[in-house]
Amino acid sequence: MRLLSNTARFLATGLIALFVLAGSAHALEKCLICHGKKDLYKTEQTGRKVSLYVDTTMLKKSVHASRSCTDCHVDITVIPHHKNPQKVNCRRCHYSGNPVGAPQGELYDQYEHSIHGIEVAKGNPKAPVCQDCHGTHNVIVHTDPASNMYKANIPATCGRCHIDIYATYRESVHGQAIASGNLDAPVCSDCHGEHNIIAPSQPDSKVSPMHVTETCSKCHGPKGVVAKYGIKTDRMATFEESFHGVAQQMQNTMVANCASCHGYHDIRAENDPKSSIYPANIPKTCGKPQCHPEANANFAEGKIHVDPKSESSGAIYYISKGFMVLTVSTLCGLFVLILLDLYRRVRKSNGKKQA
Amino acid sequence: MSDKNMEKTSRRAELIHNLASEIVGSAGTIVEYDDPQGTAEIVREVKERLTFETNFLLNETVTRMAPTRPKETKAPEKEGRTFERFGMNFRTQHMLMFLSVITLIITGMPLKFPELAISKFVIINIFGGLQTSTTVHRVGATGLIIVGVWHLLYIMFNRTGRRDFLLMIPRPRDIKDFIHTMLYYIGRKPSGPRFGRFSFIEKFDYWAVYWGMVVMIGSGSIMWFKQFFPKYLYDIGREAHSDEGLLATLAIIVWHFYNVHFNPEVFPMSWVWWHGRLTEEQMKHHHPLEYDGIVRHESKAEFEKKQAVPMEEGGAEEVG
């Protein structure tokens, strides 16, 4: 498709549009002679049975309700068709300036630069294209709980390929919140992005060491949604205050970020004994070979996110305040002494001149 | 420059100055003198100087601040008698200390202000990253710890060190000296207090460094060997390290640099840290009590020596 010029695409779409006007309802009816049967399936070479049933109720609800089968399955020209239809190419309609009003944005370009788009371009047969996530005959608006793209359904959608991660995520504090119907909790796309998912090893990734703090702080930072649930929102500020945060500001990528300690797909509440930050697990969490191999129980004897400006930090707060008073008073005193000394010198040299 | 020459120059300058005030006072009338040749020359100089003075008011201010005595040179030994202020041992301690402290400040301060561009420049561009800079910081820390231990041994087992340490202990007299200095500064006393070997200012400096060493080495060690201390002690240590580091840096830049660099008397730098010696004049001016003590001790020794000579000859009654 990419090889075709815009003009050719325009002509092709024009023809499709004519088809639609000619009689889409008839086409649908004809196709449903076979595809309306629930037990219609094909058997792949691997022996897997693939259902070929098309649920018309879902199709009628979908955003493509007014389209006919052949609008997408353009390679079907005769019914019954003799060959397997090609995979549908969404960009046949979803390109900028298309005449049928299909939504088009930068998302398609983002997809092409994402890890999924790159793998598809490489020819990886497992890499997902649009319909792997958005669905085929069931593309419905993402606010509908039946949509693959409904927030609570996203983990399952991604989990169709990333099954291990889905299993881990489901047990995490975020996954459980989503399962309990809390839509404020993050799903895959909140951290990884949607069409612009790139490998965490890439510096631009939203979950790369340099960006993960920013990504977590969308909810756990100031103005974060977690405030609603009594979870602290000073996490980013206290992280930046810590040595780890300072090192990150110095562009050190080896230093611990949110995920290094809290985990990522397996983030659990701090009072969960399975949590990586449960006090008993802290020596192990801090003691990763590349971090603090010398870590022991002492590492758990105190808070991690410490805010010297908050009175709840106890001794640290008073030390910080005490030093502030000491520094300001000492320096003021020294400045006064210097000014007095200079004043004396000027007076002395004046006195000498007059003598 | 010889003293004779200096004296001549200053007398001449005084003459010119007096003459200038006289001329200005009599509103432009030039006074005639008996000696026409000398006067003509002086009048010409006065005119030049007047133009100079009226044009450079700012310069006048600077002149006031200029050293009242000849600046100390690199080797005061060449100019008469000198007194040892700091021995080789102590000077080496100071050198190791400032090398360590400068290293520690350069590698430490950026971490207190990580958001500043200069901090990022120092750590990332100069040191090539935090791993190098923290290693360098530990090298500086080792230097500082060595100085600390060395100094403790010095004040315990070295004669001079022990004497100086005892003299460093604050006494009630220091409070009196402080009040005296303040009164002198505001013009209520004609002259400053007479100090001994260590003035209250020097004692403050010494004990400030002492406190700084204890806090910095203590808190730094907790962070360096954090596995031996509970996390809350680490946090306390980190806060103290960061705050005391800033306090010490500011105190050095403001106070110590004023005393040994920016003070008009020594600008651009006092060289005592290098040669460790004070001239007789500096001794009389800054440490008169110590100077008196030395002189008294010497004359006593001389007296005893003189007394001892006739004693040996059996003529004690001659001396009386």
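Here's a quick briefing on how chains A and B meet and how helix α10 of chain B packs against two other helices. Keep in mind that this is a predicted model. Chain A and chain B bury about 4500 Å² between them, and within chain B, α10(B) packs with α9(B) and also meets α4(B).

**Chain A with chain B**
- On the A side, 47 residues are in contact with 49 residues of chain B.
- Carbon and sulfur atoms account for 68% of the buried area between the two chains.
- The salt bridge count between chain A and chain B is one, and there the side chains of A:Arg345 and B:Glu265 meet at 2.9 Å, N to O.

**α9(B) against α10(B)**
- Helix α9 (residues 200-224) and helix α10 (residues 231-262) of chain B have axes 8 Å apart, at an angle of about 150 degrees.
- That's over 145 degrees, so α9(B) and α10(B) are roughly antiparallel to each other, and their crossing is left-handed.
- From α9(B), residues including B:Phe204, B:Trp211 and B:Met223 meet a set in α10(B) that includes B:Leu233, B:Tyr234 and B:Trp255.
- The residues of this contact split into 11 nonpolar, seven polar and three charged.

**α4(B) against α10(B)**
- Helix α4 (residues 88-112) of chain B crosses α10(B) at roughly 125 degrees, with the axes coming within 10 Å.
- α4(B) and α10(B) are therefore oblique to each other, and this crossing is left-handed.
- B:His94, B:Val101, B:Ile105, B:Met109 and B:Lys112 are what α4(B) brings, meeting α10(B) residues such as B:Leu246, B:Ile252 and B:His256.

How values were computed: Residues numbered from 1 in each chain as written. Chains lettered and ligands numbered in written order. Predicted model: local features only at pLDDT ≥ 70, side-chain atom pairs only at ≥ 80, totals over all residues. Heavy atoms only, no water. Axes fitted to C-alpha atoms, helices over the stretch in contact; angles between N-to-C directions. Helix = DSSP H or I, 4+ residues; strand = E, 2+ residues; numbered from the N terminus. Parallel < 35°, antiparallel > 145°, perpendicular 65-115°, else oblique. Left-handed = near helix turned anticlockwise from the far one by under 90°. Contact = heavy atoms within 4.5 Å. Nonpolar A, V, L, I, M, F, W, Y, C, P; charged D, E, K, R; others polar. Buried area = accessible area lost by both parts, 1.4 Å probe. Salt bridge = Lys/Arg side-chain N within 4 Å of Asp/Glu carboxyl O.
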